[in-house]
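Here is a briefing on a protein fold, its strands and its pockets. Look over the sequence and the model before reading on.

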Amino acid sequence: MVDLSKITTNGKAIYLAYDHGIEHGPVDLKGKSIDPNYILSLAVRGGYNAVVLQKGIAEKYYPAYQEKIPLIVKLNGKTRLVKGEPLSGQICSVAEAVELGASAVGYTVYLGSQHEAKMFKEFSQIEQEAEKYNLAVIGWMYPRGKGVKDDDSPEITAYAARVGLELGADIVKIKYCGSKECFIQAVKAAGKTKVVLSGGPKISDKEFLEIVKNIMAAGAIGIAVGRNVWQRENPLEITQKIKEIVFSN
Ligand code: FBP
């Protein structure tokens with residue numbers, strides 16, 4: 001098993017995701033969040049276990065923060081402009097990520113897509129490479145494509161978590177399936193692979209914190225979210241509340 005100690009605290013973790021510039025475009029990055037320095041400084045001040053960046057932002061902005069917060073480099077990405085079956089191709093190698101100072105790497109797998117086999121193959125090559133550097137691999141496990149009818153159903157969520165385990169992910173990042181009970185099944189399906197929550201569009205503080213409570217009670221190790229933190233007026237305030245839940249469990 002890979003050593004996760006650089007990106008966890010007593011086995012728990014909060015990651016600040018900021019790869020939305022490719023995935024969604026500036027439409028998501030309203031106000032201050034368009035500035036990568038704002039996010040990096042927030043990640044440091046909030047005491048996040050790591051920040052998630054694509055290679056371009058990592059290269060240009062991370063050096064000033066390298067001593068202050070670990071980095072997770074996202075190795076693939078796709079824009080929302082492409083229609084049809086989703087395929088997120090690799091745009092950064094493990095070696096480049098190491099060069100950029102990464103403590104872990106991330107990769108999105110759209111299970112259910114007609115291009116699933118290509119992403120499985122890239123993921124498995126990344127696994128092999130990452131092992132040489134003793135780097136953790138985090139799978140963004142997103143069921144998507146024509147074959148997936150209900151991408152947040154309990155069965156599909158557990159399936160996504162299980163595919164992460166089967167592919168060799170150290171951590172899987174999965175979406176909420178609506179209840180603590182169904183998240184318990186997903187955590188069980190993930191076995192020895194750790195589970196973190198993927199946030200989704202911004203919802204109220206109360207709703208979001210309830211979800212965090214439920215996933216932690218279900219056995220997740222934490223969260224890897226973006227919009228529900230940095231799209232808020234006071235992201236440090238919600239960060240504090242998230243930490244009280246994640247690190248008290
Ligand atoms: P959020 O917490 O903002 O949802 O971010 C999590 C994340 O996985 C990002 O890392 C990624 O850019 C985005 O969601 C992808 O979202 P989508 O579900 O639209 O593909």
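**Strands, burial and pockets**

Strands E6 and E7 run parallel and are joined by six bridges. Strands here are DSSP runs of at least two residues (E), helices are runs of at least four (H or I), and both are numbered from the N terminus. Two strands pair if DSSP finds at least two bridges between them. The model is predicted: local features need pLDDT of at least 70, side-chain atom pairs count only at pLDDT 80 or more, and totals for chains, interfaces and linings use all residues. Residues are numbered from 1 along each chain as its sequence is written, and side-chain values use heavy atoms, leaving out hydrogens and water.

**Barrel**

- Eight strands close into a barrel with parallel pairing, in the order E1-E2-E3-E6-E7-E8-E9-E10.
- From one strand to the next, the twist averages 25°.
- Angles run from 0 to 180 degrees between N-to-C directions; axes are lines fitted to C-alpha atoms, for helices over the stretch in contact.
- Helix H10 (residues 235-246) packs on the sheet and touches strand E1 (13-17) and E10. The direction of H10 makes about 145° with that of E1.
- Contact, or touching, means heavy atoms within 4.5 Å.

- Strand E3 (residues 71-74) runs parallel to strand E6 (residues 102-109), and four bridges join them.
- Leu71 has Ala102 as its bridge partner in E6.
- On the E7 side, Met141 is the bridge partner of Val109.
- Strand E7 (residues 136-141) is largely enclosed by the rest of the structure, because six of its six residues are buried.
- Buried means under 20% relative accessible area, exposed over 50%, and partly exposed in between (1.4 Å probe, protein chains only).
- Ala136, Ile138 and Trp140 point one way from E7, while Val137, Gly139 and Met141 point the other way.

- Ser103 is found in strand E6. Ser103 is buried, at a relative accessible area of 16%.
- Beyond four places in sequence, Ser103 touches Lys6, Ile7, Pro70, Leu71, Leu135 and Ala136.
- Ile171 lies in strand E8. Its relative accessible area is 0%, so Ile171 counts as buried.
- Leaving out residues up to four places away in sequence, the contacts of Ile171 include Leu4, Tyr15, Ile138, Lys194 and Ile221.
- Ile171 and Gly106 are 65 residues apart along the chain, and their C-alpha atoms are separated by 9.2 Å.

**Pockets**

- On a 1 Å grid over the protein atoms alone, a cavity is a set of points where a 1.4 Å probe fits but cannot get out; a pocket is an open set with protein on both sides within 12 Å along at least five of seven lines. Lining residues have an atom within 4 Å of a point.
- Grid points are joined across faces, edges and corners, and a volume is the space filled by probe spheres set on the points.
- The largest pocket holds about 320 Å³ of space. It is lined by 22 residues, and those closest to its centre are Glu23, His24, Tyr142, Lys175 and Arg227.
- Helix H1 (20-23), strand E8 (171-175) and strand E10 (222-225) each give two or more residues to that lining.
- The second largest pocket has a volume of about 220 Å³. Of its 17 lining residues, Asp151, Asp152, Lys175, Tyr176 and Cys177 are the closest to its centre.
- Helix H6 (154-167) and E8 each give two or more residues to the lining of the second largest pocket.
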